[in-house]
Amino acid sequence: MTRYHSRRSFLVAGSTLAAGLVATLRPLAAQSAPVKIGIIGSGRQGGAIGLLWAKAGHEVFFSSRNPQNLKELVAQAGPKARAGLPDQAAAFGEVVLIAVPYGALPQVGRDYAAQLRGKIVIDVGNPRVDRDGEVGKDGLARGTGVTSKEHLPGARLVRALNALSYLQVTKEAHRAGEKLGIPIASDDQAAIAMTVRLVTDAGFDPVVVGGLARAREFDAGTPVYVKGLTAAQLKVALKLP
Ligand SMILES: NC(=O)c1ccc[n+]([C@@H]2O[C@H](COP(=O)([O-])OP(=O)(O)OC[C@H]3O[C@@H](n4cnc5c(N)ncnc54)[C@H](OP(=O)(O)O)[C@@H]3O)[C@@H](O)[C@H]2O)c1
């Protein structure tokens, strides 16, 4: 082999190695890239969770039917945060958090169906009979994994971040020692992986419970609901390995 050929093979091998390294690092970089998150319902729960994600470096689009009311929240969330109408938030997010009164979920699902189709949608709503009427009654009876899926057809639905109060969200995020556990249910594995990442970024310990059918195990009124359990305690309570 001539000197030219051995130098050329060295260069080819070098560039192949570099290409391999880039291919390996690309998914890692993508993992740490900020996520575009739209929030429908930026009240107590949606506002508190959105703030944590903004502080973790994600791009958060808060929304309200009266977005002028969100100036203070956006200022608190920092320069990458913004606010607009719910359809704009739904269109913006690669992930959309829905935190509206449960009775409004069918209308939200209908009105923003086009923007939500194919997206990861984390629904944190909890049905209540006094506030949500028949929709709430139905959610409590059949479990939110089933009813939210019907209200949000076409979305890659995740149930998570519903079993803690907005005060726990604000006070317990990133706490020292064992973190608060957050149960997660979805039929979509990639949506679960994204939610695990976002729950971790928010300062909690994700606990994957299973498919949507199991979401009812951490619905409002269950023994684990707003109890402030760690991941280890949640696993025992929900009989997870
Ligand atoms: N608060 C908690 O501790 C807690 C904990 C876990 C789960 N949750 C659940 O999270 C959901 C929200 O509770 P919250 O306490 O955050 O309520 P909230 O403070 O009253 O905020 C609800 C937000 O939903 C928006 N909204 C209402 N109807 C809407 C509609 N038709 N379309 C679009 N947006 C609508 C309102 O926005 P605009 O009026 O500004 O448009 C409002 O800011 C509920 O299902 C609740 O059960 C709450």
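This is a predicted model: local features need pLDDT of at least 70, side-chain atom pairs count only at pLDDT 80 or more; totals for chains, interfaces and linings use all residues.

**Helix 10, face by face**

Next I checked the length of helix 10. It runs over residues 189-202, 14 residues in total, and spans 20 Å from its first C-alpha to its last, close to the 20 Å expected at 1.5 Å a residue.

Which residues of helix 10 are buried? I listed Ala191, Ile192, Met194, Thr195, Leu198, Val199 and Ala202. Looking down the axis of helix 10, I found these buried residues within an arc of 165°, so they line one face of the helix.

Then I asked what covers the buried residues of helix 10. The cover includes helix 2 and a set of strands: strand 4 (95-98), strand 5 (120-123), strand 6 (156-160), strand 7 (181-186) and strand 8 (205-210). Just past the end of helix 10, I noted Gly203 with a positive phi of about 100°.

**Around the ligand**

I moved to the ligand and found 24 residues around it, of which Gly41, Gly43, Ser64, Arg65 and Gly125 come nearest. Two elements give two or more residues to this shell, helix 2 (44-55) and helix 5 (105-111). Helix 2 has the largest share, with three residues.

How does the shell around the ligand divide by class, and how many residues are charged? I wrote down 10 nonpolar, 12 polar and two charged residues.

Leu161 has one, with phi near 60°. Leu161 sits in the loop between strand 6 and helix 9 (166-172). Is Leu161 buried or exposed? With 25 other C-beta atoms within 10 Å, Leu161 is buried.

His174 also has a positive phi, about 60°, and is not a glycine either. I placed His174 in the loop between helix 9 and strand 7. His174 counts as partly exposed, because 13 C-beta neighbours lie inside 10 Å.

**A look at His151**

I found His151 in helix 8, which covers residues 144-151. His151 counts as buried because there are 23 C-beta neighbours inside 10 Å, and the cut-off for that label is 20 or more.

What does His151 touch, leaving aside neighbours within four places in sequence? The contacts of His151 are Leu105, Pro106 and Gly109. I also took one distance: the C-alpha atoms of His151 and Ala104 are separated by 9.7 Å, although these residues are 47 apart along the chain.

**The whole chain**

I finished with the totals. The chain has 11 helices and eight strands. Of its 241 residues, 44% are buried. Counting contacts between residues at least 6 apart in sequence, I noted that 68% join residues at least 24 apart.

Where should I be careful with confidence? The average pLDDT of the chain is 91, and 87% of the residues score at least 70. Over residues 1-29, though, pLDDT stays under 50, and the model has one contact beyond four places in sequence for that stretch.

Notes
Residues are numbered from 1 along each chain as its sequence is written. A residue is near a molecule or strand if its C-beta atom, placed from the backbone, lies within 6 Å of it. Helices (H or I, at least four residues) and strands (E, at least two) are DSSP runs, numbered from the N terminus. Ala, Val, Leu, Ile, Met, Phe, Trp, Tyr, Cys and Pro count as nonpolar, Asp, Glu, Lys and Arg as charged, and the others, Gly among them, as polar. The expected span of a helix is 1.5 Å times one less than its number of residues. A residue is buried if 20 or more other C-beta atoms lie within 10 Å of its own, exposed if 12 or fewer, and partly exposed in between; C-beta atoms are placed from the backbone. The arc is that of the directions from the helix axis to the C-beta atoms. Two residues are in contact if their C-beta atoms, placed from the backbone, lie within 7 Å. pLDDT is the predictor's confidence in each residue, from 0 to 100.
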